[in-house]
Amino acid sequence: MTRINAREIVIHLIFHMHYTKESPDEAIVTRFADGYYETLQEENDVYAERPSRKQMAYIRGTVGGIAARREELEGYIARYAIGWRLERISVLVRAILELAMYEILYVDDVPTGAAISEAVELTRKYEDEDTVAFVNGILGSFVRGADA
């Protein structure tokens, strides 16, 4: 499994938690339960293999970190999504933005350019090109404004 696959799983978990109100630990237990994880393999190739121990540490730490800093991250999204109320931005796009911003601010081994590039690619997988440009623009403004 690659880091981009681990990032995509993080986005799925953040999306899942938005609707279920589960804690990060509960969401991870649910998603990685034997039997359930295998059904996900049929729906999305990102689940073709289980994460390594290192990737699971990244997933757990990132999901927990995003959940702990959600208010801060949503504040950044609201600040840089000029002309958009947070509620108008899809939960999936917010999850992608939260992940990229979290990595830029708090994950030392992820270069800023990589966080943005992979956020753009993940957006492209699920959304149209206008949304891709929207995400890229917000992250560009965030980096310039946060001096990250």
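When I say that two residues are in contact, I mean that they have heavy atoms within 4.5 Å. What I am showing is a predicted model, in which local features need pLDDT of at least 70 and side-chain atom pairs count only at pLDDT 80 or more, while totals for chains, interfaces and linings use all residues. Residues are numbered from 1 along each chain as its sequence is written, and side-chain values use heavy atoms, with hydrogens and water left out.

Let me start with Thr-131, which, leaving aside neighbours within four places in sequence, is in contact with Val-93 and Thr-123. Thr-131 sits in helix H8, residues 129-146, where helices are DSSP runs of H or I with at least four residues, numbered from the N terminus. Its relative accessibility is 16%, so Thr-131 counts as buried; buried means under 20% relative accessible area, exposed over 50%, and partly exposed in between, with a 1.4 Å probe and protein chains only. The side chain of Thr-131 also makes a polar contact, at 2.9 Å, with the side chain of Asp-128; such a contact is a pair of N or O atoms within 3.5 Å, and within protein one must be able to donate a hydrogen and the other to accept it, with residues adjacent in sequence counting only if both atoms are side-chain atoms.

I turn now to the aromatic rings. Across the whole structure, a search finds seven aromatic pairs, where rings of Phe, Tyr and Trp (its six-membered ring) pair if their centres lie within 6.5 Å, and planes under 30 degrees apart count as stacked, over 60 as edge-to-face and the rest as tilted. One of them is the tilted pair of Trp-84 and Phe-134, at 5.0 Å centre to centre and 55° between the planes. Because Trp-84 lies in the loop between helix H5 (70-80) and helix H6 (91-106), and Phe-134 in helix H8, this pair ties together parts that are 50 residues apart in sequence. Trp-84 itself counts as partly exposed, at 35% relative accessibility, and Arg-88 lies over the face of its ring, 4.1 Å from the ring centre.

Tyr-102 and Tyr-106 form another tilted pair, with ring centres 5.4 Å apart and planes at 40°. Both lie in helix H6, four residues apart, about one turn of the helix.

Finally, ring pairs link Phe-32, Tyr-37 and Tyr-47 into a cluster.

Technical notes:
Helix = DSSP H or I, 4+ residues; strand = E, 2+ residues; numbered from the N terminus. Lys NZ or Arg CZ within 6 Å of the ring centre and 35° of its normal.
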